[in-house]
Amino acid sequence: MLKNKAVLVLASVLVMVLLSTGCGRDNAQKDDEQASQFQAVTEPKTVMGEKDIVQQAQESGHFKYFATMVAAGPEGTKKAHYSDTCIGCHSAVKMFDDPQAVLADFFPGGKHEGQVEGITCRVCHEFGGTEGIRLRKKGWAVCGDCHTAEKLVLGKAVHHPQNEMIRGIGVGEVPNKPSYKCFNMIDFTCYDCHVTNASRHDFLVPGVTTTHEGVTRTSAKIDYTKFIEVFEQEKCKGCHAIPEDGVDSIKKKQVYIGGKLEELKPVYEEWGKKISTMDKNDPRVKLFNEGITYYTYVEADASRGAHNYELAKDLLAKAEEKFGQLK
Ligand code: HEC
Ligand code: HEC
Ligand code: HEC
Ligand code: HEC
Ligand code: HEC
């Protein structure tokens, strides 16, 4: 009895801490106001002699991606249903120099032609002052304010929902399920696993390599022998005394979630084609579209269960249930 009460008190304290620390977008507005006051920032060529991280960042998708998007041209953008709001997370120029900018401004003849700066240093950092260099945002918001689905709508596909996945935001018939790190560890962040520091700036989890085909990320492969570095960090040793166990645990989860995604993919693709020719009022259209939300939530998160295994499992079970009713 007493134990239950203690657990309850603990849980409500945690909820309060969670609400006040955000674990997501909650402090974003204040940060954004500060960020927009901060205008002319000069990009450092080398900062404190850290040539390595500058190169790493420059070679990352963050730096290069917007150029690819613009190079796809108005044709490419039409195909991908681009709208002007899309570039808010992709272009530093839109974020800091010209908030009114629209995608067309970056095409040949536009007022920002050639300004294809993507997510460069100044997007995450402020430079100058006594501290020299600091992050504009804090905690999960550093990465999670862009890596967010913004809103989850049952019946619609989901894009980059890493923030929601980690916070454990449910959708439709799937209830909320916060991840362990987000719920229990106040000072944990995305870049504790996506190790980013004075010597690492590729933003990937150690051991991960990715390949791109034009604008689309086609695959991420993880080398688990290198992934072990994640658990070998000073901050982690206290609880993850045996790094190998952490790796094994993640591996099992990724095999399960990855396998389920593979299993559902053919249904998703086959019915995607069929549905597009069906009457809107056919009950199967609704079934399929709901299935899409559950399926793409996990697929687009792209961590194969590493961000929040329990939620990913629930979402895929629901996707399977919906897809399974299609005949
Ligand atoms: C200003 C928005 C923004 C912020 C802030 C941001 N990202 Fe990204 N991120 C993107 C975009 C856009 C892409 C797609 C570019 C690409 O395909 O690499 C991306 C891609 C990625 C990828 C896939 C990389 C690849 O090569 O496919 C990873 C991993 C990633 N981000 C992690 C992070 C981490 C960790 C942080 C925080 C330290 C972060 N991101 C902050 C927008 C952002
Ligand atoms: C809330 C910030 C945000 C907005 C708004 C946004 N994106 Fe992105 N975009 C991202 C992030 C983050 C990624 C990286 C996703 C990942 O690697 O998981 C990304 C990646 C992409 C990619 C690469 C996909 C891939 O497979 O690597 C394309 C294409 C893209 N966005 C197009 C768009 C379009 C079109 C819109 C408007 C409908 C849009 N973006 C709006 C943040 C955003
Ligand atoms: C997507 C966001 C992002 C981008 C882009 C980015 N950084 Fe960082 N940077 C971080 C994060 C996160 C940290 C870790 C901060 C911490 O641990 O407090 C960091 C840390 C650093 C540090 C170490 C600061 C310290 O106190 O140890 C330096 C130096 C740095 N970044 C320079 C750069 C430079 C130069 C660029 C551009 C070439 C760049 N960063 C681009 C997110 C980013
Ligand atoms: C508990 C550790 C952990 C945390 C915290 C974490 N990630 Fe990840 N993330 C991973 C792992 C592991 C993968 C899977 C890498 C793979 O299998 O390719 C991954 C995959 C991704 C991917 C897909 C691209 C890739 O590298 O394969 C993106 C994008 C991403 N994470 C962004 C984020 C963002 C943004 C946050 C914070 C909101 C975050 N992650 C928090 C561990 C973590
Ligand atoms: C205060 C103790 C504590 C610290 C410190 C800690 N962790 Fe954890 N971590 C845990 C616990 C407990 C779990 C298991 C949660 C579960 O089973 O759902 C966990 C789970 C994880 C997982 C997911 C494993 C899985 O199988 O899903 C990753 C990845 C992880 N931690 C990475 C880290 C990293 C990286 C650090 C250091 C930056 C760190 N942890 C620091 C307690 C801690």
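Mentor: A residue is near a molecule if its C-beta atom, placed from the backbone, lies within 6 Å of it. Please keep in mind that this is a predicted model.

Trainee: Which residues are the closest to ligand 2, and how many surround it?

Mentor: Ligand 2 is surrounded by 16 residues, and C86, C89, H160, T216 and R217 are the closest. The shell around ligand 2 holds seven nonpolar, seven polar and two charged residues. Domain 1 (45-136) and domain 2 (154-327) each supply at least three residues to this shell.

Trainee: What makes H160 count as partly exposed?

Mentor: A residue is buried with 20 or more other C-beta atoms within 10 Å of its own, and exposed with 12 or fewer. H160 has 16 such neighbours, so H160 counts as partly exposed. H160 sits in the loop between α8 and α9.

Trainee: Where is E150 found, and why is E150 called partly exposed?

Mentor: E150 is in the loop between α8 and α9 (162-167). Its count is 15 C-beta neighbours inside 10 Å, so E150 is classed as partly exposed.

Trainee: Turning to the other ligand, which residues are the closest to ligand 1?

Mentor: The closest are G61, Y65, C143, C146 and H194, and 20 residues surround ligand 1. Two or more residues of this shell come from each of α4 (61-71), α7 (121-124), α8 (141-144) and α11 (190-193). The largest share, three residues, is that of α4. By class, the shell around ligand 1 has twelve nonpolar, seven polar and one charged residues.

Trainee: Why does Q115 count as partly exposed?

Mentor: The cut-off for a buried residue is 20 or more other C-beta atoms within 10 Å. Q115 has 19 C-beta neighbours inside 10 Å, so Q115 counts as partly exposed. Q115 is located in the loop between α6 (92-97) and α7.

Trainee: Which residues does Q115 touch?

Mentor: Leaving aside residues up to four places away in sequence, Q115 touches V93 and F106.

Trainee: What is the crossing of α14 and α15 called, left-handed or right-handed?

Mentor: The crossing of α14 past α15 is left-handed. The axes of α14 (residues 243-275) and α15 (residues 283-301) come within 10 Å and cross at roughly 145°.

Trainee: Which residues meet where α14 packs against α15?

Mentor: From α14, I257, L261, L264, Y268, W271 and I275 meet V285, F288, Y295, V298 and E299 of α15. This contact has ten nonpolar, no polar and one charged residues.

Trainee: What can be said of the protein as a whole, in its helices and strands?

Mentor: The protein has 16 helices and four strands. Of its 327 residues, 28% count as buried. Among contacts with a separation of 6 or more, 60% join residues 24 or more positions apart.

Note on methods
Residues numbered from 1 in each chain as written. Chains lettered and ligands numbered in written order. Predicted model: local features only at pLDDT ≥ 70, side-chain atom pairs only at ≥ 80, totals over all residues. Nonpolar A, V, L, I, M, F, W, Y, C, P; charged D, E, K, R; others polar. Domains from an automatic or database assignment. Contact = placed C-beta atoms within 7 Å. Axes fitted to C-alpha atoms, helices over the stretch in contact; angles between N-to-C directions. Left-handed = near helix turned anticlockwise from the far one by under 90°.
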